[in-house]
Amino acid sequence: MAGSVIRFEAQTVIRRPASEVFERLADLPGYRQWMHRDGVFGGTELTSALPVRSGTTYVDRTRMGRFVGEVTEHVPSTRLAFSETFSIFGHSLTQARPSYVLEVDGDSTVVHHTAEAELYGVARLFKPVAARIVTRERSHTLASLKRSLEGSPDID
């Protein structure tokens with residue numbers, strides 16, 4: 001079913017240490033403080049106890065509905081990955097897998113961001129629209145992250 005997968009890849013350089021970038025990305029409840037407000041994102045609520053680590057569960061509220069998620073990889077200052085499922089009436093329509101790899105570059109951090117979304121059932125019919133949404137949201141997320149840490153909206 002390779003035709004049902006959308007893939008996004010981008011990177012940006014943030015003039016802050018990798019530990020600070022990682023802390024911002026791992027603070028799931030804090031996303032509402034720095035994430036752009038003009039997209040589909042509405043907020044994140046933890047459904048398991050702090051601290052955030054591999055296995056932490058959460059719900060992302062979006063304009064489309066709720067994505068039930070889990071932190072699948074948590075390696076401080078290096079790697080952070082998630083798996084999120086969007087369902088309607090008990091039927092999974094999308095599974096998203098965003099991830100971040102952080103690379104130290106002097107006093108800066110190169111953020112490598114990858115996101116895959118697999119569409120199921122009727123959602124496959126909306127792949128072109130979903131691809132535009134994924135590209136827009138993931139690009140905005142990187143720009144918001146950069147702006148929140150260094151005040152610059154540019155993506156490299």
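Which residues of the largest nonpolar core touch the most other members? They are Val21, Leu25, Leu28, Tyr31 and Phe82, out of 22 residues in that core. A nonpolar core is a set of buried Ala, Val, Leu, Ile, Met, Phe, Trp, Tyr and Cys residues joined through side-chain atoms within 4.5 Å, where buried means under 20% relative accessible area with a 1.4 Å probe, protein chains only.

The model is predicted: local features need pLDDT of at least 70, side-chain atom pairs count only at pLDDT 80 or more, and totals for chains, interfaces and linings use all residues. Residues are numbered from 1 along each chain as its sequence is written, and side-chain values use heavy atoms, with hydrogens and water left out.

H1 gives the core its largest share, four residues. Leu25 is in contact (heavy atoms within 4.5 Å) with Tyr31, Trp34, Leu80, Phe82, Tyr100, Leu102 and Leu145, leaving aside neighbours within four places in sequence. A second, separate core has eleven residues, including Ile6 and Leu119.

Seven strands form an open antiparallel sheet in the order E1-E7-E6-E5-E4-E3-E2. Strands are DSSP runs of E, at least two residues, and helices are runs of H or I, at least four, numbered from the N terminus; two strands pair if DSSP finds at least two bridges between them. E5 and E6 pair over eight bridges, and Ser92 in E6 is the bridge partner of Ser87.

| Helix | Residues | Strands | Angle |
|---|---|---|---|
| H1 | 18-26 | E1, E4, E5, E6, E7 | about 165° to E6 |
| H3 | 127-150 | E1, E2, E6, E7 | about 15° with E1 |

Key: Axes are lines fitted to C-alpha atoms, for helices over the stretch in contact, and angles run from 0 to 180 degrees between N-to-C directions. Buried means under 20% relative accessible area, exposed over 50%, partly exposed in between (1.4 Å probe, protein chains only).
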